[in-house]
Amino acid sequence: MKIMTKESHLVRLKTDVLENFRTRLKGLVLKPGDAAYEESRTVWNDMIQRRPALVVKCLGTADVIASVQFARDNNLLLCIKSGGHNIAGLAVADDALMLDMSLMRGVWVDTNKKIAHAQAGCLLGDVDRETQIHGLAAVLGFISQTGISGLTLGGGFGYLTRRWGWTADNLTGIDVVTADGKLVRASDQENPDLFWGMRGGGGNFGVVTGIDYKLYPIGPEIVGGLVAWPASEALKVLELYRMLAEDAPRELTLVAIIRPAPPAPWLPSQWHGKMIAGILACYTGNPDEGEKIVAPIKSFGKPIGDVLVRRPYTQIQSLLDATQPKGRHNYWKSEYIDSIDPELCEKIVRHTESIPSRHSALVLFQIEGALNELDVDYSPAGNRNARYVFNAVGSWEKSESDNENLKWVRCVWNDIKEFSTGSSYINFLTEDESDERVKASLGKAIKRLREIKAKWDPNNLFRTNRNIKPA
Ligand SMILES: Cc1cc2nc3c(=O)[nH]c(=O)nc-3n(C[C@H](O)[C@H](O)[C@H](O)COP(=O)(O)OP(=O)(O)OC[C@H]3O[C@@H](n4cnc5c(N)ncnc54)[C@H](O)[C@@H]3O)c2cc1C
């Protein structure tokens, strides 16, 4: 069989070499044509269609070690897929050796130390499910099917970010198989340089096999959900959002969403497909207090739907899942924003009038809080001046509509980027983003990251990512 080297040459892999590799593994080895190959090679964003030569479905750390050693000894191009949610499709490369981590989904909770150890193939929902048994939660993102590994290595934000910072700011350790094929522990005590680099520097330094998250008492009941109004009220809704967000306690996270109404049961059917403006709120403190705090949202104007209620924390963590299924065409443009300018709101509203797909949206996530108070270089997730994430979300079904949708997203972005801090969330960058955008996301951390890369992966084995070249 033919397989790609690190330097992008196709070479022949001899049958006996492959068979010998197989004997070192407990997990499955898949090739094109095998039944499970298609599921492994496809990612959330259907615009990405790549075909690795070989997939190893790792069944434990020993499989990861054997695979990294095999890739290194044969100079192979290696890619790693955990949740497969990266919009740029960084998890998969043509003709490469791919490690599919999706069978490694165990979670162990230490209630005394308030730490969860999660295997690298976990989705966010796996961690929430196990930690919530104990009324605890890690700082994770908004969609329960996203992979923990890519999210954490690139920063990570969600409903708890305002209280405790980036996901990457809230780790106690990472287990990683490095380029020499050894299992290494990275923490403040052991290999602190590696630990620092992995908390925002992506998968540049090795294959993560497990992550230890700090846990915080949350729920199990919180106050959360959405309220939606007709888009004719969008400017007023954004003004309400701005006002509430500016004064919001850290327990409250607010997200503004303008989009065509999805066919959700809580929205009257005559509204499905029509433009709406919504506020998604989540209050993770005392629910009695939460009900008072979200009251101004619920009593504002005449909502067409309101599911902002007391509910389990695990429910709010998966509330948006149905709107983000695997297999659509997706294209985003995103920026960090440090304050909400009325002119930005006007532009957002204007662009939603020409939205070409019923799945697309313009979204503002509030992240302001703890992350702004940590030292600039506490972790390379950095961006300590970011207070909101703006995302122009293009999502549609058929490739015939690619051009129209790409054009719309780029047009929105061109018009709103003047409000940016000058940087954007690295995990939201699409396939066609420039090196300059990646550099801007990493900021000054890049110098130290290159030194760490030179120490831990001098030959750049781990390159199918937002690649940091060794210094
Ligand atoms: C619908 C949707 C919702 C999202 N919501 C949020 C959100 O709320 N908050 C947020 O912060 N982000 C969010 N994201 C962005 C998300 O953080 C990134 O897409 C992230 O890359 C997903 O992680 P993954 O494990 O699924 O990635 P994958 O696509 O599997 O991998 C992404 C990158 O990480 C590397 N990688 C993966 N696993 C490992 C490993 N074990 N060891 C080393 N490197 C590895 C890969 O090589 C690749 O470069 C969302 C994305 C989508 C599509």
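Reply:
**The ligand and its surroundings**

The model is predicted, so local features are used only at pLDDT of at least 70 and side-chain atom pairs only at pLDDT 80 or more, whereas totals for chains, interfaces and linings use all residues. Residues are numbered from 1 along each chain as its sequence is written, and side-chain values rest on heavy atoms, without hydrogens or water.

A backbone N or O atom of Phe-142 is 2.8 Å from a ligand oxygen, and a polar side-chain atom of Asn-427 is 3.1 Å from a ligand oxygen. Of the 950 Å² of accessible area that the ligand has on its own, the protein covers 97% (areas by the Shrake-Rupley method with a 1.4 Å probe; for residues, only the protein chains shown count as cover).

The shell comprises 33 residues, with Ser-82, Gly-84, Phe-142, Phe-157 and Tyr-425 the closest; to belong, a residue needs a heavy atom within 4 Å of the ligand. By class, 15 of these residues are nonpolar, 17 polar and 1 charged. In this scheme Ala, Val, Leu, Ile, Met, Phe, Trp, Tyr, Cys and Pro are nonpolar, Asp, Glu, Lys and Arg are charged, and the others, Gly among them, are polar. Strand β5 (78-81), helix α5 (148-153) and strand β12 (207-214) each supply at least two shell residues, and α5 gives the most, 4 residues. Helices here are DSSP runs of H or I with at least four residues, strands are runs of E with at least two, and both are numbered from the N terminus.

The largest has 62 residues, and Val-64, Leu-97 and Ile-148 make the most contacts inside it. Helix α3 (residues 61-73) gives the largest share of this core, 5 residues. Apart from it lies another core, of 42 residues, including Leu-244, Leu-364, Trp-396 and Val-409. A core is a set of buried Ala, Val, Leu, Ile, Met, Phe, Trp, Tyr and Cys residues joined through side-chain atoms within 4.5 Å; buried means under 20% relative accessible area, exposed over 50%, and partly exposed in between, with a 1.4 Å probe and protein chains only. In soluble globular proteins, nonpolar side chains tend to be buried together. Beyond four places in sequence, the contacts of Leu-97 include Phe-21, Leu-54, Phe-70 and Leu-78, a contact being heavy atoms within 4.5 Å.

Two aspartates can be set side by side. Asp-126, in helix α4 (residues 124-132), counts as buried because its relative accessibility is 15%. Its side chain joins that of Arg-105 in a polar contact of 2.8 Å, and Asp-126 also touches Val-107. Asp-306, in strand β17 (residues 305-306), counts as partly exposed because its relative accessibility is 32%. The side chain of Asp-306 makes a polar contact with that of Lys-298 at 3.1 Å, and a polar atom of the Asp-306 side chain lies 2.9 Å from the backbone nitrogen of Leu-308. Leaving aside neighbours within four places in sequence, Asp-306 contacts Leu-226, Val-227, Trp-266 and Lys-298.

A further aspartate, Asp-341, caps the N-terminal end of helix α11, with a side-chain oxygen 2.8 Å from the backbone nitrogen of Glu-343. Helix α11 spans residues 342-352, and its buried residues include Leu-344, Lys-347, Ile-348 and His-351.

Some backbone features complete the account. Most residues other than glycine have a negative phi, and most peptide bonds are trans. The bond from Gly-219 to Pro-220 is cis, with omega near 5°, and Pro-220 sits in the loop between β13 (216-217) and β14 (221-230). Asn-383 has a positive phi near 50° and lies in the loop between α12 (370-373) and β21 (388-396). Asn-460, in the segment after α15 (445-456), has a positive phi of about 55° and counts as buried because its relative accessibility is 7%.

How values were computed:
A polar contact is a pair of N or O atoms within 3.5 Å; within protein, one must be able to donate a hydrogen and the other to accept it, and residues adjacent in sequence count only if both atoms are side-chain atoms.
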